[in-house]
Amino acid sequence: MDTLAVKWSAMDRLLGHSGPFAGSDFVTDDDDSVKQFIRYECRVLVVGAGALGCEMLKSLAMCGFSQLHVVDVDTIDLSNLNRQFLFREPDMGQSKAEVAARALQRRVPSCRVQAHHVDLTTLTPEFYRQFHVVVAGLDSIEARRWLNATLVSLVQCEHDAETPDPSTVIPMVDGGTEGLAGQARVILPRLSACFECTLSLFPMEARAFPLCTLASTPRLPEHCIEYASAVLWPQSERGRDAPLDVHDPGQVQWVYERAVERAEAFGIGGVTYALTLGVLRGVVPAVASTNAMIGSACALEVLKLATHLARPLNDWMAYNGAHGVYVYPFANERRPDCAVCGRPAPLRLRLPRSATLNDLLEVVAAHAELRARRPSIVSDSRPLYMATPPALQEATRVNLPKRLADQLQLPSRAADRLEYLLSLTDPSMPLGRQLLVVLEEADAAQPATDDTVEREA
Amino acid sequence: MPAHCKATRDGALRMRLSVDEAAQRALQERYDRQLRLWGERGQCQLQRARMLVVGASAIGAELLKSVVLSGIGHCTVADAARVRPEDVGSNFLVSEADVGLWRAEVVCEALREMNAAVSVEAVVGEPAQLLERVGAASIATYSLVAVARQPRSLVQQVADVCWEHDVPLVVLQSHGLVGYVTLVVREHIVMDVAGSGSAVPLASLQLARPFTEVVQFCRDHYWPLEQLDDDAHAHVPWLALLVLAVEDEPQPSVETVLRRLERWRRHNSEPNFTEALLMAKRVLRGASDPPMLLTLERCRSRPVEAVARALRTLQAKRGLPVSRAIPEMHCDTASFVGLQEVYRQRAAEDVAALREVLAADAETATGGACVDDPLLQAICDNLYNMACMRTGPYRPESGCGAGKRRADDFEGEDGAASWLVLMHAYDAIREKHRAPLEDATVLEAALQRVLQQFDLAKVHIRPARIQETLRAAAVELHPVAAVVGAIGAQEALKVLTQCFVPIDGTVVYDGYACRATVLSNPPE
Ligand SMILES: [Zn+2]
């Protein structure tokens, strides 16, 4: 018996027959052209080789996709092995992308997998342009925003500079999980809602504990760990030169020991090494089954996009398995003023007249639409604060405690307020964002919280 | 080696392994991310669990992959097939070189490689002898049985044995882009509905009737409030404020307590009073027995039922057990640590008192059933997070609930029930003729027979769904089998760890719409 002829019989059955739920562009694959496309031409990039990435790679290979690339800068550690099934204990310390590619090719020899053991942001637009579909299994919002913006920027428009040229649209299938919950979505850059359009659907990361609690009234083991890392580390010999590296076991051990001392001094129990790691790395709970569910649901969407076998998800699927099983699709709208795929107006931020540059940085970090954690601010091409490179950071750091009003040229003046147009850039926002900062009389202004920040009409 | 559990002196459950410390730390780290979901108790239960999986095609293999990675104790994989070429294109755990070998043996080899700590065993044989080889009687020795993509008669046979022996059952199937998972449990105790790391239930602080030691602590440290300086006054923990406001009231009403707190408050910016006023409403309005106490008393599980009755006795004598932990609150370190210690000690005494009540009438109360310390501690810890669930026995129509379901389940946009009956109709034909079915009238005739058999004759099934069922020809499409296998694994893990709430019937997954709907199968 010819093994290959029947190996793909499940896929062939669906591709060879049409049905009422097939996509509108579906044609029965009588001449095998769709099969040929999946097996020899369709280039799929998997971003992230963690739990979701392993599952995506496996399910894509089992659909017959044979031109796969995988990007991941991480290396394998023991706590990955409860769900990242392409890795074994002897692989610890090695590149996730490389080990995943090798393991997959051993199982499915017809599949070619190219590994890239690099940070995704170091790859050029030309690299991303070569793919038909990009699938992301990333755990950071920042990386997903970057990838989304890059794929949006690759879309070229027709002569009218308005209508996207569909042949340049690279769909992004994005998955995410936390504990027993997760979501999968399909983004057609410039055609459907992008990651940035719906950023507010993702909760802000938990805010750090107030410094006064850490310093004077610690109550929880977490308070002691935060104190050790946020206060004691920067004062330590090594900490004066470099921020804490949460992936360095020696440094984690140091924080753990200081936290234990502090906890003992205050009579607080419960500081453990595992808790220390959890607090420092912001570890989220994860289990094999949730990642398998979401990773494979994403692979199914890639299959739909590549073959029109069925209509792709429009555009979001929410999943929760903590109480029964909840899987539900819903459609998001594109935002005309999306900072990435729309025509963004400057974002208006109201601050008190006495606000400093440092106050502004805090506002842009906490704002749900910006979440700029390493922001740089430029006014009329003059850098006010630059997060990188170190030399510029050094030079501009002195501006932080200064009042904004004292540092800026006045572009316009209303009776009771000062308005300035500033440019914000951040690693998570490749395109940056214009800010219209409004400084108001002290009694008129509220502290700059989310509800006092309004969008330009 | 599976770990065994033992309670340590402070009552916390720890995994004690027959290996050295370093190996234990390695295990902790390997399972760290899931320990954050179901805790050490859940992991311990999982490592002691034995699971039987009947069926090693893609969907069974995907289910096995997740439970083996999570560190289940043992899996027996029973399968009547040898690896066929089409398995190579759908089942990730077999490869081309395996064609012709017993599928269960090949899958077991891959699972062993994935997690060496799990013991796996294959049972193979012709379909007619498979159940015999497993040994129907041995089914009772498993913690859970899963049946993946098997003939309907075999599913029913296994289901009947499981029901008789009280073994939870998971049934899985996938057809093209749709599939389902059915869970059958005669009785399942959920120890922790919210999972490890969830907030301390306020009711478990027992503030409606504060215990002597906490009253004493609050009187010693904060009473009279008037004598505290402003700073100290603004740092009295809300918990202590509530204790002081209710302690001399036999039946404290929310209104009395709120009035008192308002009277004591010096000015509106005292954050502890803001917290106390908010909490008073939540704590006192919800003051009642743990919702599960009643259910637990009617439990079939003898040990749990015995503990529930002992809790009633304890409630009359000294009140229900209190939580070992207290929630985070606005106060200084000494107050927090002091209160935490008062609760920790009281909780330990409560468990000891409960143990005494149980021992006093061990014979009559438990009927000789053994209530071990870890179980006792777990019940006290989760008094307000426990649940007891039951489903009806397995029938193919489980979830379609003859005549009771909303027409929507069949005719609406969602149509979960219509996918379910279509899969059963197609399976009924497939068991007789292996070749894909091309004639719609044959499927429609089979569908009518199934609907009649299910007592659903009047139900309308959308023609588009019938056509898609024909198109898919019940093939096992890998990503769909993987999604359904993962959902099945998750339900199995929830049952085995006794954490989170499993489905109470059948969940139908629709890969066209990216939707899943649970059709309940309540007990009669
Ligand atoms: Zn957008």
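What follows is a short exchange about a predicted model.

Biologist: What makes the arrangement around the zinc ion tetrahedral?

Modeller: The angles. Four donors count as tetrahedral if all angles lie between 85 and 135 degrees. Here the four donor atoms subtend 98 to 118 degrees, so the arrangement is tetrahedral. For comparison, the ideal angle for four tetrahedral donors is 109.5 degrees.

Biologist: Which atoms are the protein donors, and how do you know that they count as donors?

Modeller: They are the SG atoms of Cys194(A), Cys197(A), Cys338(A) and Cys341(A). Donors must be N, O or S atoms within 2.8 Å of the metal. These lie 2.2 to 2.3 Å from the zinc ion, so they count. Along the chain their spacing reads C-x2-C-x140-C-x2-C. Cys197(A) sits in the loop between β6 and α8 of chain A, and Cys338(A) in the loop between β8 and β9 of chain A. This pair is 141 residues apart and links distant parts of the chain. Cys197(A) and Cys338(A) are both buried.

Biologist: Why is Tyr328(A) called partly exposed?

Modeller: Buried means under 20% relative accessible area, and exposed means over 50%. Tyr328(A) has 40%, so it falls in between. Tyr328(A) lies in strand β8 of chain A. With Leu201(A), Tyr326(A) and Phe330(A), Tyr328(A) forms a nonpolar surface patch of about 380 Å² accessible area together.

Biologist: How do you know that β11 and β12 of chain B pair?

Modeller: Pairing needs at least two bridges. Six bridges join these antiparallel strands, so they pair. Tyr509(B) stands opposite Ala516(B) in β12(B). The hairpin has four residues between its strands, and Cys514(B) there takes a positive phi near 55 degrees.

Definitions and conventions:
Residues are numbered from 1 along each chain as its sequence is written. Chains are lettered from A and ligands numbered from 1 in the order in which they are written. This is a predicted model: local features need pLDDT of at least 70, side-chain atom pairs count only at pLDDT 80 or more; totals for chains, interfaces and linings use all residues. Side-chain values use heavy atoms; hydrogens and water are left out. Donors are N, O and S atoms within 2.8 Å of the metal (3.2 Å for Na, K and Ca); water is not among the atoms, so sites may look incomplete. Four donors count as tetrahedral if all angles lie between 85 and 135 degrees; four count as square planar and six as octahedral if opposite donors are over 155 degrees apart and all others between 65 and 115; anything else is irregular. Helices (H or I, at least four residues) and strands (E, at least two) are DSSP runs, numbered from the N terminus. Buried means under 20% relative accessible area, exposed over 50%, partly exposed in between (1.4 Å probe, protein chains only). Patches are made of residues with over 30% relative accessible area and no salt bridge: like charges are joined within 9 Å, nonpolar side chains (Val, Leu, Ile, Met, Phe, Trp, Tyr) within 5 Å. Accessible areas come from the Shrake-Rupley method with a 1.4 Å probe; for residues, only the protein chains shown count as cover. A salt bridge is a side-chain nitrogen of Lys or Arg within 4 Å of a carboxyl oxygen of Asp or Glu.
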